Amino acid sequence: MGDSDIPHPLPLLLPDAIHQAVKPGTALLRLETTSSREGLLDGAWWPRTRDIVAELPTLISVLTGHLGPITRVGLDASAWNTLPTRLVIDDQVVHLDSHPVGDDTVLITRGHNDHFALLLVPPDTTADAAREAMTRAVRADNITEAAQILIATTPEPEDGDAANPAE
């Protein structure tokens, strides 16, 4: 049996080419700049709406081009307007699982058991806060959970925005 006959498992590393930008005007995606996958999160995704049917195909198409076929996406149904059980994206069936992963995380599955965790930046996040959250999420040494990153990067309300408890 030659080397070409031996099945090779998918690499557990993110390819260097994955750091290309998604088309302007669409959801923003950032992934770790190291292939070690040692941090808690593998990247961050900032969709423009809470319409998963409109938002997910672009994300899956980009990830598939670099990681190979994506078989499942784990999402918290509370973060989306509706959550179908599957979508056909680029002629591939992608199953959508509603898990209480938290509305701050998206779990991407490649193959049978290779998972990528992405910080989900809420669509209504300001550009500065989203940029900061995504930057923190993709640090190779990140040990902060997604929810804590979002809390830490959300601006404090200005005095005029807070309700006056004395009234």
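Let's start with Val121, which lies in the loop between β7 (114–120) and α2. Keep in mind that this is a predicted model. Is Val121 buried or exposed? Its relative accessible area is 0%, and since buried means under 20%, Val121 counts as buried.

So who are the neighbours? Setting aside residues within four places in sequence, Val121 touches Trp45, Trp46 and Pro47, and also Ala130, Ala133, Met134 and Leu150. Take Ala133 from that list: Val121 and Ala133 are twelve residues apart along the chain, and their C-alpha atoms are separated by 7.5 Å.

Trp46, another of the Val121 contacts, has a partner of its own. The charged end of Arg48 sits over the ring of Trp46, 4.4 Å from the ring centre. And while we're on aromatics, how many aromatic pairs turn up in a search of the whole structure? The search finds one.

Now, on to the helices. Two packed helices are described by the angle between their axes and the distance between the axes. Here, helix α2 (residues 127–137) packs with helix α3 (residues 146–153) at an angle of about 145 degrees, and the axes are 9 Å apart. The crossing of α2 past α3 is right-handed. On the α2 side, the contact is made by Ala129, Glu132, Ala133, Arg136 and Ala137, while α3 brings Ile149, Leu150, Ala152 and Thr153. By type, those contact residues split into six nonpolar, one polar and two charged.

Terms used. Residues are numbered from 1 along each chain as its sequence is written. This is a predicted model: local features need pLDDT of at least 70, side-chain atom pairs count only at pLDDT 80 or more; totals for chains, interfaces and linings use all residues. Side-chain values use heavy atoms; hydrogens and water are left out. Rings of Phe, Tyr and Trp (its six-membered ring) pair if their centres lie within 6.5 Å; planes under 30 degrees apart count as stacked, over 60 as edge-to-face and the rest as tilted. A charge sits over a ring if NZ of Lys or CZ of Arg is within 6 Å of the ring centre and within 35 degrees of the ring normal. Axes are lines fitted to C-alpha atoms, for helices over the stretch in contact, and angles run from 0 to 180 degrees between N-to-C directions. Helices (H or I, at least four residues) and strands (E, at least two) are DSSP runs, numbered from the N terminus. A crossing is left-handed if the near helix is turned anticlockwise from the far one by less than a right angle, and right-handed if clockwise. Contact means heavy atoms within 4.5 Å. Ala, Val, Leu, Ile, Met, Phe, Trp, Tyr, Cys and Pro count as nonpolar, Asp, Glu, Lys and Arg as charged, and the others, Gly among them, as polar. Buried means under 20% relative accessible area, exposed over 50%, partly exposed in between (1.4 Å probe, protein chains only).
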